[in-house]
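I opened the notebook to go through one model residue by residue. The entries follow the order in which I looked things up.

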Amino acid sequence: MTIYAPTRQPRSITVTTFAEDDQVNLNGTFKTLANGLNYLGFGQVDVPAKNLSLQVQNYDYFNQSQ
């Protein structure tokens with residue numbers, strides 16, 4: 001995990017693990033809202049042995065309570 005030291009906010013994450021004996025790689029980048037809340041802006045999961053890839057992107061986020 002990469003943290004931006006001055007604000008202590010997460011910037012990115014990288015995880016490697018195994019599921020059913022296959023390597024699984026997770027990469028993600030965080031975004032920060034004006035109020036300081038952090039959320040996963042983009043995430044990608046890869047399973048090279050099965051030639052699988054999943055991407056998730058959060059965009060146009062807005063606070064519905066305003």
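With which side chain does the side chain of Asp46 make a polar contact? I found Gln44, at 3.1 Å. I took a polar contact as a pair of N or O atoms within 3.5 Å; within protein, one must be able to donate a hydrogen and the other to accept it, and residues adjacent in sequence count only if both atoms are side-chain atoms.

Entry, ground rules. The model is predicted, so I note that local features need pLDDT of at least 70 and side-chain atom pairs count only at pLDDT 80 or more, while totals for chains, interfaces and linings use all residues. Residues are numbered from 1 along each chain as its sequence is written, and side-chain values use heavy atoms, with hydrogens and water left out.

Entry, whole chain. I counted zero helices and five strands in the protein chain; both are DSSP runs numbered from the N terminus, helices being H or I with at least four residues and strands E with at least two. From the N terminus the order reads β-β-β-β-β. The radius of gyration is 15 Å, well over the 11 Å that the globule rule gives for 66 residues, so the chain is more spread out than a compact globule. That radius is taken over C-alpha atoms, and the rule is 2.2 Å times the number of residues to the power 0.38. The C-alpha trace spans about 45 × 30 × 15 Å along its principal axes.

Entry, surface and contacts. Of the 66 residues, 20% are buried. I use buried for under 20% relative accessible area, exposed for over 50%, and partly exposed for in between, with a 1.4 Å probe and protein chains only. The accessible surface is about 5,300 Å², and 51% of it belongs to carbon and sulfur atoms. These areas come from the Shrake-Rupley method with a 1.4 Å probe; for residues, only the protein chains shown count as cover. Among contacts with a separation of 6 or more, 12% are between residues 24 or more positions apart; contact means heavy atoms within 4.5 Å.

Entry, Asp46. I placed Asp46 in strand β4, residues 38–47. Asp46 is buried and has no salt bridge; the nearest side chain of opposite charge is Lys50, 14 Å away. A salt bridge here is a side-chain nitrogen of Lys or Arg within 4 Å of a carboxyl oxygen of Asp or Glu. For charge, Lys and Arg count as positive and Asp and Glu as negative, with His and the chain ends not counted. Beyond its neighbours within four places in sequence, Asp46 is in contact with Gln23, Val24, Asn25, Leu52 and Ser53.

Entry, Asn25. I looked next at Asn25 in strand β3. Asn25 is buried at a relative accessible area of 17%. Its side chain makes a polar contact with the side chain of Thr16 at 3.4 Å. Its contacts outside four places in sequence include Val15, Thr16, Gln44 and Asp46.

Entry, salt bridge. How many salt bridges does the count give? It comes to one. The partners are Asp22 and Lys50, with their closest N and O atoms 3.1 Å apart. Asp22 lies in strand β3 (residues 22–32) and Lys50 in the loop between β4 and β5, so the pair ties together parts that are 28 residues apart in sequence. Asp22 counts as buried at 14% relative accessibility, whereas Lys50 is partly exposed at 49%.

Entry, backbone angles. Most residues other than glycine have a negative phi. I noted Glu20, not a glycine, with a positive phi of about 50°. Glu20 is in the loop between β2 (9–19) and β3 and is exposed at 74%. Asn51, also not a glycine, has a positive phi of about 55°. Asn51 sits in the loop between β4 and β5 and is exposed at 70%.

Entry, Asn58. Is Asn58 in a strand or in a segment after one? I found it in the segment after β5 (52–57). Asn58 is partly exposed, at 36%. Its side chain reaches the backbone oxygen of Leu40 at 2.5 Å. Leaving out neighbours within four places in sequence, Asn58 is in contact with Tyr39, Leu40 and Gly41.

Entry, Phe30. I located Phe30 in strand β3. Its contacts outside four places in sequence include Met1, Pro10, Ile13, Tyr39 and Leu40. Phe30 and Gly43 are 13 residues apart in sequence and 8.8 Å apart in space, C-alpha to C-alpha.
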